[in-house]
Amino acid sequence: MADREQPVTLRTRKFIRNALLGRKQMVVDVLHPNRANVSKDELRSKLADLYKTSKDQVSVFGFRTQYGGGKSTGFALLYDTVDAMKKFEPHYRLVRIGVSSKIEKPSRQQRKQRKNRAKTLRGTAKVKGPAKKKEK
């Protein structure tokens, strides 16, 4: 993959130190000429090196490539500790970067069907199923 060896430049702007949430937050501009785009995993490691922190404490999201390519802009959060990250970061982003595991649950349609089947049992003895309707 010759694509990985192409140079990538990171520029950060709108840098804010958010002490209440225990993080640094910023807008990241990624310059990547001769390259389609840069993976979030690679961006996390480059930002961790740049700000002298662990890759596990960096969260990047919301990247959009500019029309014509060569430049992408997104958002980055650098947490002070992994605990602060687990406390304040949304669960779906923790799942994406592999810090947390996804909660397995039945599909949305199955949950709705189960809810509607339970409605037919309301007010009847729950040991039996719904009584069949008599044909006239």
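Biologist: In which strand is glutamine 25 found?

Modeller: Glutamine 25 is found in strand β2, where strands (E, at least two residues) and helices (H or I, at least four residues) are DSSP runs numbered from the N terminus. The model is a predicted one, in which local features need pLDDT of at least 70 and side-chain atom pairs count only at pLDDT 80 or more, while totals for chains, interfaces and linings use all residues. Residues are numbered from 1 along each chain as its sequence is written, and side-chain values use heavy atoms, with hydrogens and water left out.

Biologist: Why does glutamine 25 count as buried?

Modeller: Buried means under 20% relative accessible area, exposed means over 50%, and partly exposed lies in between, with a 1.4 Å probe and protein chains only. Glutamine 25 has a relative accessibility of 13% and therefore counts as buried. Leaving out residues up to four places away in sequence, glutamine 25 touches Lys14, Phe15, Ile16, Asn18, Phe75, Ala76 and Leu77, a contact being heavy atoms within 4.5 Å.

Biologist: What joins the side chains of glutamine 25 and arginine 23?

Modeller: The side chains of these two residues are joined by a polar contact of 2.7 Å. The term stands for a pair of N or O atoms within 3.5 Å; within protein, one atom must be able to donate a hydrogen and the other to accept it, and residues adjacent in sequence count only if both atoms are side-chain atoms.

Biologist: How do you know that β1 and β2 are paired, and how many bridges join them?

Modeller: Two strands pair if DSSP finds at least two bridges between them, and β1 and β2, which run antiparallel, are joined by 8 bridges, so they meet the condition. Within this pairing, isoleucine 16 stands opposite glutamine 25 in β2. The two strands form a hairpin with 4 residues between them, and glycine 22 in the turn has a positive phi of about 65°.

Biologist: Which strands make up the open sheet, and in what order?

Modeller: The open sheet has 4 strands in the order β1-β2-β4-β3, with antiparallel pairing. What makes β1 and β3 the edge strands is that each pairs on one side only. The twist averages 20° from one strand to the next. Between β2 and β4 there are 9 bridges in the antiparallel sense, and valine 27 stands opposite phenylalanine 75 in β4.

Biologist: What makes the pair of arginine 13 and aspartate 29 a salt bridge?

Modeller: A salt bridge is a side-chain nitrogen of Lys or Arg within 4 Å of a carboxyl oxygen of Asp or Glu. The closest N and O atoms of arginine 13 and aspartate 29 are 2.7 Å apart, so the pair qualifies. Arginine 13, at 36% relative accessibility, is partly exposed, whereas aspartate 29, at 9%, is buried. By the same rule the count comes to 6 salt bridges.

Biologist: Which residue's side chain meets that of arginine 17 in a salt bridge?

Modeller: The partner is aspartate 80, at 2.7 Å from N to O. Because aspartate 80 lies in the loop between β4 and α2 and arginine 17 in strand β1, the pair ties together parts that are 63 residues apart in sequence. Aspartate 80 is partly exposed at 35% relative accessible area, and arginine 17 is partly exposed at 43%.

Biologist: How do you know that aspartate 41 and arginine 44 are separated by about one helical turn?

Modeller: They are 3 residues apart in helix α1, which is why their separation is described as about one helical turn. Aspartate 41 is partly exposed at 43%, while arginine 44, at 6%, counts as buried. Salt bridges that share partners join Asp41, Arg44 and Lys55 into one network.

Biologist: Which elements do the buried residues of α1 pack against?

Modeller: The buried residues of α1 are Glu42, Leu43, Arg44, Leu47 and Ala48, and they pack against β1, β2, β3, β4 and α3. The helix lies across β1, β2, β3 and β4, running at about 125° to β3, where axes are lines fitted to C-alpha atoms, for helices over the stretch in contact, and angles run from 0 to 180 degrees between N-to-C directions.
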